[in-house]
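Please look through the model below with me before reading on. My notes follow as numbered points, beginning with the aromatic rings.

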Amino acid sequence: MISWGWRWQVLWCGKSVFRNISGQKDQSRHSPWRCFHQGTSGSLVDPEIRKFLEENTEITSSGNLTPEIKLRLLTPRCPFWKEKAALWPYKEPYWAIYWPGGQGLSRYLLDNPNIVQTKKVLDLGSGCGATAIAAMMSGAADVVANDIDPIAGAALTMNCELNNLNPFPFLTDNLIGSEVGSWDLIVLGDMFYSEQLANSLHQWLKNCIHEHGTNVLIGDPGRHHFVSHKIRSQLHKLSEYPLPDLTQQDNNGSTSTTVWNYRP
């Protein structure tokens, strides 16, 4: 069943969506904005990919912390829920799950629009794009979503359409370690699933804060590589949310998710 296997591995065992971090880092350092102008729009979603996603995901807004946001996700009613993960024709669809850290971040932005109003926001490892969508709904001036899986970009475009938003730029470069612009706010959820990635995020986010005064918000349900990492001593707890029953069932029994402000 697809809900176990790749989903369980990334949640608890540290399977990295950002594969080959060191190899990609050098490339993105030389051209950090290489994909900036490749932002997807409705007309640019490949018709074949659009048809596949329409047939193999379900539009839902229930069972999570943000019923205001409609998303195309993998649910038990989707064909690939019980199919072997190897039969999925693209990269593993991590974007097709609304992970608990992202849920907490999205809820926090919707409840606290002053955090993003008139701000330039980067949603790092955006997945389904819910947090980017929440930022736009809350009045952000500019939003850029980032995920190395281009199919996530197609899904994000379709999710924007569902929420009556114009699609915003989508980057497929691995930005961690790169020299990027001056963001007012960086948001990231569910990213601390390996020690290597946690270390890379720690240093890169610290540089963004020190060099540009960037505000950083992190959402996480308490993964091992997050709670045991030294970054925890530099975080200020902003809000904790109890997870809906359905999200608990889909995430190995996690009962809550927390939003933190990184203050190195």
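1. Rings of Phe, Tyr and Trp (its six-membered ring) pair if their centres lie within 6.5 Å, with planes under 30 degrees apart counted as stacked, over 60 as edge-to-face and the rest as tilted. By this rule Phe52, Phe80, Trp88, Tyr90 and Trp95 form one aromatic cluster, and the structure holds seven aromatic pairs.

2. The model is predicted, with local features needing pLDDT of at least 70 and side-chain atom pairs counting only at pLDDT 80 or more, while totals for chains, interfaces and linings use all residues. Residues are numbered from 1 along each chain as its sequence is written, and side-chain values use heavy atoms, with hydrogens and water left out.

3. Phe52 lies in helix H3 (residues 47-56) and Phe80 in the loop between strand S2 (71-73) and helix H4 (100-111), 28 residues apart; helices (H or I, at least four residues) and strands (E, at least two) are DSSP runs, numbered from the N terminus.

4. Is Phe52 buried or exposed? Phe52 counts as buried because its relative accessibility is 15%, where buried means under 20% relative accessible area, exposed over 50% and partly exposed in between (1.4 Å probe, protein chains only). Phe80, at 11%, also counts as buried.

5. Phe52 also forms an edge-to-face pair with Trp88, at 5.1 Å centre to centre and 75 degrees between the planes. Trp88 counts as buried at 4% relative accessibility.
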